[in-house]
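Here's a quick look at one structure, written for someone who likes geometry spelled out. Have the coordinates open while you read.

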Amino acid sequence: MRLISLEISNFRVIKGVRLDFPDKVIGIIGPNGAGKSSLIEAIAWALYGNQAARTGKDEIKSAFASSGENCQVTLDFSVNEEQYRVVRRLVGKTERAEVELYRGEAAESVGVNETKAYVGQLLGLDWRGFLTSFLARQQELNALSDLQPSKRRDHIAGMLGIERLDKAIQKVKEDTRLNQEKGHFLQTQLAEKGQVEKRIEELVAMIGDLEQPTAKLYAEQQVAEAALKDVKKKFEESQRQRDQLLNLKARVEAEERTGRNLTDQLKGLKEELAELRAGQVQVEDLSRRLKLLPSAKAELDRLRELKSQVALKDELSARKSDLEKKAAEHKMRLEDISRRLDELQARLGAFPESLDRLAADARARLEEERDSYTRINADLKATQAEIGRLKQQLDSITELGPQSECERCGRPFGEDYGRIKEHLGRELNQLETAAAAKERELQASRDKGELLKQKVTDADKQQKQHYQGRVDLESAERDRDTLSAHREETVRDFRQVSAQLQKYESVVFDPARFDAAEARVEEFEKLQQECNRLKGLVSRTPNVETAIADVSGKYETVQHNLRRYSAEVSSLGITEEEFEQTGVAFNRAQEKLQTVTKEYLASSKEKELNERELQAKRERLSEFDRTANELERARGAQFLGEKLGRLFAEFRKQLIASIRPSLADLSSRLLAEMTDDRYNLVELDDQYDLRVMDGGVFYGVDRFSGGEKDLANLCLRLAISLALTESAGLDRSFVILDEVFGSQDSQRKDLILQAMGRLKVRFPQILLITHVDDVKDGVEEIVEVLPTGSGWSEVRVNGSSA
């Protein structure tokens, strides 16, 4: 598999980038947390989706992207000379997953599940196998040498995918255990067969014993039902006659109650008629007295008008007094505002007319001094860097003596050693003198800048004071104008109130006379209400007279009905004692039938239950044959499961034994290529400890230098990747090494970088992810990932934005 290009939009901290992958050693460099690994994660996510991401789907889309923007990754790659493109995206607010895969220009799959199956078939690897095959991390290299032997074997087995075989072995063991438990359960069920056969015999006997008693009880039930039928007919006829008797007695009681009610009504109506005739006399007397009511109301209305005029007069007097006070207050406030305006105008006149120009000039001089300071500081840092370089060079040639090599041509200094050292010393003195002068110049610029900064601060303060004075002056003028308008309005209101007061100067009001008139009208109104009430009552006199006649007629009708109902009761010819005797006979017949029916149902139910149990037991007996066959199958499955488990275990043992020589052979070839045949033979012992041959003898990797040990572990890790890709049928053309430098010194880093160059024969595309900045000179192409400070990272290729 070969990478061609990668295009990213809103994926984690990567806002937008397009990368091409040439056949080179490519360094992906940047500080920790900048998003270097996100570039590699985007490759796996494009191929395998969310399962290959470090976190859940909610954290894949960039936090800075809006809800309307999509997260999208496009990966172009080739497999066996065929070119493919996969496009995966998260769409809209819900971050709906979409993915398409193309072979050339033709669409091969659309949708998450279809593309997942296609990628798995195309590469022959799931997402874990893909990462294990193409990505090597520093912690994996450390684990190969630092873990205990048993954990190292498990770690390598996991990388090679042997854990899937372990899961299959565990599944076989689980199925075998279930079949064994099923066999025990079925065997327990078969043990019940004898008990079931014995119970069937008991049930047949019990059913036979119940046949004759049940039939006898059924006959007794039929006789009891016939007797109850005859008694019931007599009881129903007696009950009908009794119902008629009770109905007639109820009617008599109802008529008697009605007669008593009519007697009470007639008495009440006659009393009411007497009261109405006395009320007619009172109405005539009140009507004569109420003829004085209109003149009393007219006098009260005239007095009320005088009272309202006096109240208005008092209100206008109070209003006039308030307006006089308000006008005086306005005058005093206007005088205060005038004095405030004079003070503000005097204060503004004290500021120079060119205040804004002076402030702008001060800012411009300060900016010029800042630019000068920046230039001097940059020159000082450059001089200090050159001093550091010369000191390091002097220390280096002093330590090595005349055998020191020239940085440019690589030849030893030899006889020129002293002269060159003296020349470098003079050059160092000159640079240190120049640095001291720059420091003084920098301090002078700093002091001048502080003075200019104070001038700018003073100018800004004066501008703010001048502006505030203008704002206060405009506010005071607005207050003056508003208050003047209010004062004029107050004077107008005062004149209007004074004119209105003159209209009511001659108004005189007598409160005592008003109260007497009001009391007189109130007394007349009470008499009017009483007169109206009595007139309403008197108007009912004809209705009461009519009601008396109607009630008298109804009373005569009630007396007639009572005589007729008494005659009908005498003609029925039934007594309460005869009805009770008929009811007792009926109840006894019912009890007899219930007793016989209960005994019959109990016997029938017992027989039915025994018959049901007999049927169930016979069905259970037929199930034992099926249980025996099922037991035989469970025992056979248990035997085959145990045998398959032993075969799997043996196969796992042989598989691991065969992988070890293969990994050792691949590691040997890789180590030979990376060390230019200095070390060309590696072996793995039973504990998967890595041993390297040196001078015809195998030694553990701890015997070698740190850089050589790193190379050996890296070769073993790459051998595992090659084994996986070869088993998947892929042409391997790229490998990703994530932070393999760790905290190594520069010599060990250089050794690995040199080895990378030799490894290109086998891996044309090598991607080195590292935070170590000084490996730039050892790679052929540089991809830098740099945080912008705004929540996203910028990606640069060889210094230019990608």
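What follows covers a helix pair, a hairpin and the cysteines.

Keep in mind that this is a predicted model.

Let's start with the helices. Two packed helices are described by the angle between their axes and the distance between the axes. For helix 7 (residues 193–289) and helix 11 (residues 511–538), that comes to an angle of about 145 degrees, with the axes 9 Å apart. The crossing of helix 7 past helix 11 is left-handed. On the helix 7 side, the contact is built from L276, G279, Q280, Q282, V283, L286, S287 and R289. Helix 11 answers with F524, L527, E530, C531, L534, K535, L537 and V538. Sorted by class, that contact has 9 nonpolar, 4 polar and 3 charged residues.

Now for the hairpin. Strand 10 (residues 690–694) and strand 11 (residues 697–700) run antiparallel, joined by 4 bridges. If you want a pair to click on, V692 sits opposite Y699 of strand 11. There are 2 residues between the strands, and G695 in this hairpin takes a positive phi near 70 degrees.

Last, the cysteines. How many disulfides does the structure hold? The count is 0.

| Residue | Relative accessible area | Class |
|---|---|---|
| C531 | 1% | buried |
| C715 | 1% | buried |

Why does C531 count as buried? Its relative accessible area is 1%, and buried means under 20%. C715 gets the buried label because its relative accessibility is 1%, with the cut-off at under 20%.

Conventions
Residues are numbered from 1 along each chain as its sequence is written. This is a predicted model: local features need pLDDT of at least 70, side-chain atom pairs count only at pLDDT 80 or more; totals for chains, interfaces and linings use all residues. Side-chain values use heavy atoms; hydrogens and water are left out. Axes are lines fitted to C-alpha atoms, for helices over the stretch in contact, and angles run from 0 to 180 degrees between N-to-C directions. A crossing is left-handed if the near helix is turned anticlockwise from the far one by less than a right angle, and right-handed if clockwise. Contact means heavy atoms within 4.5 Å. Ala, Val, Leu, Ile, Met, Phe, Trp, Tyr, Cys and Pro count as nonpolar, Asp, Glu, Lys and Arg as charged, and the others, Gly among them, as polar. Two strands pair if DSSP finds at least two bridges between them. A disulfide is a pair of cysteine sulfur atoms within 2.5 Å. Buried means under 20% relative accessible area, exposed over 50%, partly exposed in between (1.4 Å probe, protein chains only).
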